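Hi there,

Here is the structure I promised to pass on. Have a look at it first, and my notes follow just below.

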Amino acid sequence: MALSRLRNPVIARAPSLFRARFLSASTSLSRSNVQNSFKDGNGTFLRPAFLPTGHGLNNGSIKLKLQIGARYFSSAELPEHTVLGMPALSPTMSQGNIAKWRKKEGDKIEVGDVLCEIETDKATLEFESLEEGFLAKILVPEGSKDVPVGQPIAITVEDAENIQKIPSSLGSGSEGEGQKTSHQDVGSLQKVEGKSSIRINSSDLPHVVVEMPALSPTMNQGNISKWRKKEGDKIEVGDVICEIETDKATLEFESLEEGYLAKILAPEGSKDVPVGQPIAITVEDPETIETVKTSVGSSADVKKEEVTHHDSKNEVGEQKSGFTRISPSAKLLISEYGLDASSIKASGPHGTLLKGDVLAAVKSGKASSKISSSHDKGTSLLQTQPKKSAPALLESKSSSLQSDSFEDLPNTQIRKVIARRLLESKQGTPHLYLSSDVILDPLLSFRNELKEKHNIKVSVNDIVIKAVAIALKNVPEANAYWDATKGEIILCDSVDISIAVATEKGLMTPIIRNADQKSISSISSEVKQLAEKARTGKLAPHEFQGGTFSISNLGMFPVDHFCAIINPPQAGILAVGRGNKVVEPVIGVDGIERPAVVTKMNLTLSADHCVFDGKVGGAFLSALRTNFSDIRRLIL
């Protein structure tokens with residue numbers, strides 16, 4: 001049975017006479033190459049058409065748990081069918097095993113029937129169907145291991161006669177490629193369709209679509225901080241077009257070709273622009289600038305009309321509240337938040353209220369609570385006695401308004417990434433904490449000597465960097481990281497120290513490379529330069545990417561000791577507290593113990609237990625204490 005040969009929407013929508021060149025080809029091209037792993041025996045793609053069955057797929061059907069289906073059509077003989085993806089049955093689940101199929105190919109499926117048993121990272125759970133139909137094709141056989149969340153596992157149809165129309169070779173193409181399609185790809189597919197909607201009406205008009213580039217390995221979106229060029233400006237090779245705020249810093253986006261900036265698609269101040277999304281259009285001939293503006297403007301107007309029309313449909317749909325079924329997770333959320341279920345719109349099949357509906361209602365604030373409804377009833381009863389209840393009612397309202405007042409502080413892209421990465425580190429890295437006090441007096445004396453005799457001004461932190469670098473060189477097992485892919489420890493060849501620098505946009509970690517080979521004065525000079533760049537957002541990628549060990553110093557604050565969070569993929573970070581004067585017994589030259597005032601500083605090592613054990617951590621702290629007790633060895 002021959003299936004229709006429908007290609008990727010990017011290919012299908014790109015006019016052959018257009019010259020589509022991308023300035024950020026290194027990363028954005030790979031992101032726009034979205035392929036669906038559903039193929040027939042000839043390896044042709046099927047085009048997805050998203051119906052209410054796949055409601056919310058653009059937000060990730062993982063959140064909807066049991067509602068995983070995306071309904072597909074073809075213009076040829078392939079019947080209407082629904083693709084079921086591996087659901088996320090627990091918050092931490094990223095993959096699962098198909099323990100057992102309760103239904104076989106060709107079996108009738110009723111609402112609530114258990115399709116299969118899925119072994120998650122917590123337990124073995126049942127995967128229930130929310131729609132009736134027939135199981136046409138099992139894509140992932142029983143006993144399959146480590147199936148990613150979102151990967152298609154089965155195909156269902158509504159009519160039994162359509163089972164035979166689903167080709168037996170439908171899953172073969174995806175098996176050869178490892179079935180890499182996920183609902184994340186579906187989101188990417190929709191983004192690509194959005195990109196391809198930018199069209200130029202003149203078929204013989206050459207133009208260049210400038211996309212949001214990937215300016216760091218971890219960048220998946222960015223903010224347009226400032227446009228250096230305006231529409232109509234001449235662009236030379238190497239000119240800075242705009243400033244882009246990434247997850248690490250604010251970087252300059254340079255042009256690789258000359259031309260004219262015809263149209264800015266993402267205005268200054270745009271937030272969370274995905275990598276690969278068009279942000280501007282350039283042309284070679286200045287006479288075609290107005291044509292591009294008109295063409296792009298007209299297509300944008302059509303798109304706005306479509307969006308408005310779509311929104312009006314949604315408003316009509318929202319007026320129809322009520323539901324016939326409710327999923328267990330939605331019921332749990334309703335009871336947890338104390339919501340009125342009748343005020344929430346159900347988007348599931350056959351009027352099923354899903355978890356995603358409840359979460360969307362809570363987020364938008366459209367859901368009314370049972371407490372508020374009961375409060376309204378009580379208010380209506382109290383209105384019969386206004387003289388007695390009015391003052392108390394006004395007081396309760398004013399107090400509730402005061403308690404509900406808050407201010408939203410928008411996060412920068414850097415802070416969002418920091419929050420995500422530190423959470424992943426704390427949850428996924430086994431932290432080992434080791435603490436020790438060091439006497440700071442030899443370091444302070446050495447610092448004063450450098451200033452008075454040699455006119456060299458260095459900070460305590462500069463000397464700490466040098467002491468840590470020498471300790472890592474003497475204990476190479478501590479200058480390492482854990483390779484999760486190989487499951488082994490990798491020793492680093494160089495000692496590169498990352499320094500935590502607080503900026504208005506978030507915490508940055510510029511790197512002092514080969515710190516063990518540099519003098520204290522050169523380290524001091526480099527730290528000042530990198531810290532200034534970090535605060536102004538001018539750090540280059542090579543100045544903050546990498547590093548083998550980190551130092552976080554809060555000695556300038558009244559912080560005696562603290563525990564820092566490891567910055568992956570590094571395996572260690574040293575938390576430095578402030579120096580405090582304490583009285584301790586000190587052995588004099590004559591061998592007699594006498595009380596003396598000394599300055600002590602706390603050092604706390606946070607180490608990855610996959611790399612560090614107690615022996616390695618103890619050896620590192622011992623070497624570090626030796627460096628502080630005999631500070632002159634640092635200049636050898």
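**Notes on the sheet, the helix pair and the chain**

Valine 209 has isoleucine 281, in strand 17, as its bridge partner. Before going further: this is a predicted model, where local features need pLDDT of at least 70, side-chain atom pairs count only at pLDDT 80 or more, and totals for chains, interfaces and linings use all residues. Residues are numbered from 1 along each chain as its sequence is written, and side-chain values use heavy atoms, leaving out hydrogens and water.

Strand 10 and strand 17 (residues 278-283) run antiparallel and are joined by four bridges. Both belong to an open sheet of four strands in the order 10-17-15-12, with antiparallel pairing (strands pair if DSSP finds at least two bridges between them). Strand 10 (208-211) and strand 12 (234-235) are the edge strands, each pairing on one side only.

Now the helices. Helix 12 (residues 460-474) packs with helix 13 (residues 520-536) at an angle of about 120°, and their axes are 9 Å apart. That makes helix 12 oblique to helix 13 (angles under 35 degrees are roughly parallel, over 145 roughly antiparallel, 65 to 115 roughly perpendicular, and the rest oblique). Asp462, Ile463, Ile465 and Lys466 of helix 12 make the contact with Ile520, Ile523, Ser524 and Val527 of helix 13 (contact means heavy atoms within 4.5 Å).

Finally, the chain has 14 helices and 29 strands (DSSP runs of at least four residues for helices and at least two for strands).

Best wishes

Notes
Axes are lines fitted to C-alpha atoms, for helices over the stretch in contact, and angles run from 0 to 180 degrees between N-to-C directions.
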